[in-house]
Each structure stands twice: as structure tokens, then as C-alpha cells.
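Subject: Structure handover

Hi,

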Amino acid sequence: MPGAPAGPGGPGAPGGPPAPPTGGHAAPGPGRGDGSPWWKSAPRIALLTGTVVVAAALAVFFLRSDGGSGEVFLQAAAADGNDPFTPSTAKDTGAEATAAPAPAPSDTGGTRGIGGATAGLYGGTQYQASCDVERQISYLTDDQAKGRAFASAAEITPDRIPSYLRGLTSAQLRADTRVTNHGYKNGSATTYQAVLQAGTAVLVDDRGLPRVRCACGNPLGPPVAAKGTPKTKGQSWTAYRAADVVVVSEAGDALDVLVLYDTRTGEWFERPVGTHGDQDRPVSRPRGGMTTAPPQAPSAPPGPTPSKKPYTPSVSPRVTTTPPPTITETPSEPAPGPAYGPPAALAGPGAPS
């Protein structure tokens with residue numbers, strides 16, 4: 001097996017907890033007066049656990065080198081994509097309905113890992129499904145050859161296709177996301193690396209991983225590292241930046257609900273796993289949920305630009321001009337818990353050559 005790039009855990013990666021003090025008089029940990037070491041604090045254990053889960057998932061991303069051809073295909077939210085399994089069953093698509101996550105720091109240099117349980121990792125319209133699951137089932141069960149190929153890529157048996165799809169959850173990606181995609185060609189499933197645009201309608205499993213792209217019916221899997229410097233292919237989109245692409249790592253435990261963000265209304269809601277909008281429940285903004293920001297605008301061309309007099313709105317001194325927080329959310333200090341993995345430079349899709 002070819003040598004794989006070094007995974008997370010190099011300089012800057014979190015170390016393990018310190019060894020417990022020996023002797024009969026342990027000094028109290030920082031900030032705690034009960035004599036308990038800092039690493040026994042529940043919030044710190046949760047933070048450490050989340051970090052380890054994401055780091056382990058990214059290590060798998062590095063070490064899996066099978067299927068990495070050196071090409072990464074960019075797929076817009078509503079595009080058919082390469083070798084679609086079925087006609088589109090997407091009911092709620094479009095990057096204009098979603099906001100990309102706040103841009104990664106400029107020094108990360110690559111793809112970021114985000115845990116599948118992160119609140120706001122996915123979005124959608126409250127009380128509305130992103131995909132027509134029953135139509136997807138019909139397409140795959142009516143064509144037995146496609147059904148067998150789909151089942152093989154999804155690692156299930158063909159007779160399980162209906163129950164498998166009904167157990168997934170309709171949602172939209174809220175970040176450009178790297179995946180292993182599968183097409184259908186000459187009676188079998190093909191495999192290729194892809195970046196799916198924010199706004200893509202997908203079906204998500206109970207570990208928070210995208211499993212089906214609804215615009216083409218293609219099964220999805222975790223990405224694999226491309227061999228050498230990857231080349232991006234396909235039609236890009238205005239907000240695409242390689243440094244903003246994310247890799248979703250599976251949640252440590254099976255999820256009961258996905259916490260989604262409705263970008264049309266600025267509201268948060270829960271969608272029970274295996275449902276498609278009919279059982280949505282409004283919730284308050286969760287602590288540690290993914291923050292949002294408008295996609296970055298393209299860089300302005302060099303050269304002088306005409307100066308403009310700043311526009312000053314005419315308002316009463318008692319009227320605030322600060323936009324609502326749900327529209328102008330800005331990144332804040334990460335809250336405790338596994339909301340984000342540590343920024344990590346991956347071999348994800350590089351800049352187009």
C-alpha cells in the first residue's frame with residue numbers, strides 16, 4: 001500500500017491528559033478548588049473527546065488511498081453530475097438558500113473536518129423535505145440493475161434499499177463538502193472524488209454523514225485522499241474556495257435528531273432522524289452551533305477605484321442600525337463540546353490547475 005500522508009497529530013495537535021499526580025496531597029487543578037485534576041472536568045472531557053473523534057476521522061481520510069485518482073469533480077447543487085443513477089428527486093435545492101460557514105483561517109491551507117453531530121452543519125426549510133424518498137425508492141426498485149449497483153456502493157443488499165432510504169434524513173449541505181461519489185455506468189457503480197456545493201440536497205444517516213445526493217440519486221461515502229496534487233474538474237461556482245471545503249466525520253454515537261438551520265427565516269429546528277419535515281420542531285439557537293457568514297466575494301482587480309462618499313442613513317438617534325444577529329452572525333470563541341474539529345491541512349481539493 002502506498003505511503004500515506006501524515007495524519008492529524010503533528011505539531012499543534014492536542015496531547016493526551018496529564019498523568020494523575022502521585023502522593024497523598026494532590027494540588028488542585030487550575031480554576032478548580034475541589035482538588036480534582038482539570039482533565040476530570042466534564043466540559044473538558046467532552047471537548048477532548050470531540051477533538052479525538054474528528055482527528056481520528058481525518059486520519060482515516062488520509063490513510064484511505066484507494067480510489068483517489070488525482071481528480072476532484074466540482075458539482076453544483078442542482079447539476080445532474082457524472083453518470084447519475086436516477087432522475088433528480090431533490091425538492092429543495094439551491095446555494096442561494098444556504099449560507100456557507102465562516103471562512104477558514106488563511107493559514108490552514110486545506111480542508112477542515114467537522115463532526116456530523118454539529119448543530120447547523122446541515123440546513124433546510126422547516127416542515128419541508130429536501131428529497132422525495134419514495135420516488136427515489138421507486139426508481140431504484142423498478143430498475144433491478146441500478147438497484148444492485150446502488151446497493152453495492154451503499155454496502156447493503158438490494159432488498160434493503162427501501163428501509164435504508166427511509167431511515168435517512170432529508171437535509172441540505174451548508175458548506176462545500178468533499179465526498180466519494182458514485183455514478184452508474186455500463187451496469188455497475190463508478191467511484192470518483194467530488195466536492196458538493198453548499199445548498200445540495202442530500203440524505204443523511206444517523207451518524208451525520210451524507211449518504212445520497214438527491215439531484216442524481218448517487219450514493220455517497222467518506223472521501224479518500226487523492227494521489228499527488230489533485231486537479232479540480234467541472235464547473236466551479238462563484239463562492240468556491242478550496243480552503244472552505246469541509247470533510248464530515250461521523251458522530252461518535254447514533255443521533256436521534258439533526259439540528260438544522262433555516263436560512264430563509266433564520267430559525268433553528270430539530271428534524272428527527274429518518275424523517276423529512278413532517279416532524280420538525282423549532283428550537284432555540286444551540287450553543288456551539290455552526291455560525292454563518294455570506295460567501296466571500298471575488299477579489300477586486302488591481303488598479304485605482306473611484307472614491308465614494310459613505311452613505312449615512314437618516315435615522316433617529318434612538319433607532320439602531322445594527323442588523324439582526326441571525327443575519328450578521330460572526331465567528332466567536334468556540335464553545336465547549338465537539339462543535340468543530342481543529343483546523344487541519346488535508347490533501348483535499350487544491351486550487352484548480
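What is the handedness of the disulfide of Cys 131 and Cys 214? The torsion about the S-S bond is about 85 degrees, so the disulfide is right-handed. Keep in mind that this is a predicted model.

**Cysteines**

A search of the whole structure gives one disulfide. The S to S distance between Cys 131 and Cys 214 is 1.8 Å. Cys 131 sits in the loop between strand 3 (122-123) and helix 2, and Cys 214 in the loop between strand 8 and strand 9, so the bond ties together parts 83 residues apart in sequence. Cys 131 is buried, with a relative accessible area of 3%. Cys 214 is buried too, at 1%. Cys 216 is in no disulfide. Its nearest cysteine sulfur belongs to Cys 214, 8.6 Å away. Cys 216 has a relative accessible area of 0% and is buried.

**Overall numbers**

The protein has four helices and 14 strands. Of its 353 residues, 44% are buried. Take the contacts between residues at least 6 apart in sequence: 78% of them join residues at least 24 apart.

**Helix 3**

Helix 3 covers residues 144-154. Its buried residues are Gly 147, Ala 149, Phe 150, Ala 151, Ala 153 and Ala 154. What do they pack against? Two helices are on the list: helix 2 (133-142) and helix 4 (161-166). The strands are strand 5 (177-185), strand 6 (188-196), strand 8 (210-213) and strand 9 (218-221). At the start of helix 3, a side-chain oxygen of Asp 143 comes within 3.2 Å of the backbone nitrogen of Ala 145. Just after the helix, Glu 155 has a positive phi of about 60 degrees.

**Aromatic cluster**

The whole structure holds five aromatic pairs. One of them is Phe 85 with Phe 150, edge-to-face, at 6.0 Å centre to centre and 85 degrees between the planes. This pair links distant parts of the chain. Phe 85 is in the loop between strand 1 (71-75) and strand 2 (112-115), Phe 150 is in helix 3, and they are 65 residues apart. Both are buried.

Phe 85 also pairs with Tyr 184. That pair is tilted: 5.4 Å centre to centre, 50 degrees between the planes. Tyr 184 belongs to strand 5 and Phe 85 to the loop between strand 1 and strand 2, so the pair ties together parts 99 residues apart in sequence. Why does Tyr 184 count as buried? Its relative accessibility is 18%, and the cut-off is under 20%. Phe 85 is at 0%. Ring pairs link Phe 85, Phe 150 and Tyr 184 into a cluster.

**Strand 7**

Strand 7 spans residues 201-204. Ala 201 and Leu 203 point one way, Val 202 and Val 204 the other, and all are buried. Strand 7 pairs with strand 4 (residues 169-173) in the antiparallel sense, over four bridges. Here Val 204 is the bridge partner of Thr 169. Strand 7 also runs antiparallel to strand 8, joined by three bridges. On that side, Val 202 has Arg 213 as its bridge partner. Strand 7 and strand 8 form a hairpin with five residues between them. In the turn, Gly 208 has a positive phi of about 85 degrees.

Best wishes

Technical notes: Residues are numbered from 1 along each chain as its sequence is written. This is a predicted model: local features need pLDDT of at least 70, side-chain atom pairs count only at pLDDT 80 or more; totals for chains, interfaces and linings use all residues. Side-chain values use heavy atoms; hydrogens and water are left out. Buried means under 20% relative accessible area, exposed over 50%, partly exposed in between (1.4 Å probe, protein chains only). Contact means heavy atoms within 4.5 Å. A polar contact is a pair of N or O atoms within 3.5 Å; within protein, one must be able to donate a hydrogen and the other to accept it, and residues adjacent in sequence count only if both atoms are side-chain atoms. Rings of Phe, Tyr and Trp (its six-membered ring) pair if their centres lie within 6.5 Å; planes under 30 degrees apart count as stacked, over 60 as edge-to-face and the rest as tilted. Two strands pair if DSSP finds at least two bridges between them. A disulfide is a pair of cysteine sulfur atoms within 2.5 Å.
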